[in-house]
Amino acid sequence: MDHRPLGRTGVSVSPLCLGAMMFGAFGNADHDDAIKIVHRALDAGINFIDTADVYSGGESEEIVGKALAGGRREDVVLATKVGLPLGDDPNRRGTSRRWITEAVEGSLRRLGTDRIDLYQVHRLDASVDVDETLGVLSDLVRAGKVRMFGASSVPASQIAEAHWTAERRGRERFRTEQPPYSLLVRAAEFDVLPTSRRHGMGVLTYSPLAGGWLTGRYRKGREIAGPGSAARLRRFPAAYDATAPANAAKLDAADALGALADEAGMTLVQMAIAFVLRHPAVTSAIVGPRTMEHLESYLAADGVELPGDVLDRIDEIVPPGHTINVADNMWHTATSALEAASRRR
């Protein structure tokens, strides 16, 4: 597997990043099986792993830590995240100095390591001055607990503001961005991807299969049963409601994309991942297997190239910059300013 530069950090990572969200109670509760999946990914050439403190309440980080024990840690660029609520305590969430200072120690302990290669703000906290967040993250870099830091689902305007703040306040800056991006969710092409590239940021995109809609299971004439993970279905029930107009439009697009993949002689999974990786701003696509079968289907996408005529056909089905269901942009979790009601009032 080839490697790509992670922005201008000097670090090289595999184009596929192993996402660990499905390890633990969220998906695969069998620790031994999840560890085998991690080892298979590493043996296949993946050197980039992404998890978060909130995934399965920290269990995901524990599994990753177990998988990397015994000498495999040195070969991995290890990423985790902070910011989403860990329990009901209002101070065990967000991006304050108080919480980040505490949360990083928990992640280090669960991961069984003395440093995190990429520490990401899961969402910017509107109640916290960005300088406060950059300040504590910069201190963690200087202390050697974090090598670099980034963010997830940050709008382009806030990326630019954070860089401006870092430059003028003498802070370390966000080195990566993690947006949702897929054949069905293309809003990032408008400004997040160009802005990230302009600022020399690495981009690791999540949900390249659009929450399962691009696995090939969602075709016309087939029952939509939702994802295999019961936890995901509980957290995002509306995303799989076949009676919703937006999901009906997604089914039309997924069916057309599946037919196009068949014509091109590849699986829809291969086409979906290859599409994401083709964008010049994208460094790596996060793939989050729950089973070994899932991982093998993702690995089969390595090295797949999409010819120009296939890309043109994709653009006819889902135009550049367009998202079939606006809710999939995850704007409601990042900034209310991008929601329709906020734009009108």
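# Close-up views of a predicted model

Trp-213 has a relative accessible area of 1% and is therefore buried; the term stands for under 20% relative accessible area, with over 50% called exposed and anything in between partly exposed (1.4 Å probe, protein chains only). The model is predicted: local features need pLDDT of at least 70 and side-chain atom pairs count only at pLDDT 80 or more, while totals for chains, interfaces and linings use all residues. Residues are numbered from 1 along each chain as its sequence is written, and side-chain values use heavy atoms, leaving out hydrogens and water.

View A. Helices (H or I, at least four residues) and strands (E, at least two) are DSSP runs, numbered from the N terminus. Glu-59, Ser-60, Glu-61, Ile-63, Val-64, Gly-65, Ala-67 and Leu-68 are the buried residues of α2.

**View B. Aromatic pairs.** The structure holds 3 aromatic pairs. One of them, between Tyr-181 and Phe-275, is tilted, at 5.8 Å centre to centre and 40° between the planes. This pair links distant parts of the chain, 94 residues apart: Tyr-181 sits in the loop between β8 (176–178) and α6 (192–198), and Phe-275 in helix α9 (residues 268–278). Tyr-181 is buried at 1% relative accessible area, and Phe-275 is buried at 5%. Trp-213 and Tyr-218 form a stacked pair, 4.7 Å centre to centre with 25° between the planes. Tyr-218 is buried too, at 2% relative accessibility. Rings of Phe, Tyr and Trp (its six-membered ring) pair if their centres lie within 6.5 Å; planes under 30 degrees apart count as stacked, over 60 as edge-to-face and the rest as tilted.

**View C. Nonpolar cores.** A nonpolar core is a set of buried Ala, Val, Leu, Ile, Met, Phe, Trp, Tyr and Cys residues joined through side-chain atoms within 4.5 Å. The largest one has 89 residues, and Tyr-119, Phe-174, Leu-184, Met-271 and Ile-314 have the most contacts inside it. Helix α9 gives the most to this core, 9 residues. Apart from this core lies another, of 12 residues, including Val-13, Cys-17, Phe-48 and Ile-286.

**View D. Contacts of Tyr-119.** Leaving aside neighbours within four places in sequence, Tyr-119 is in contact with residues that include Thr-80, Lys-81, Val-82, Ile-100, Leu-137, Met-148 and Phe-149. Contact means heavy atoms within 4.5 Å.
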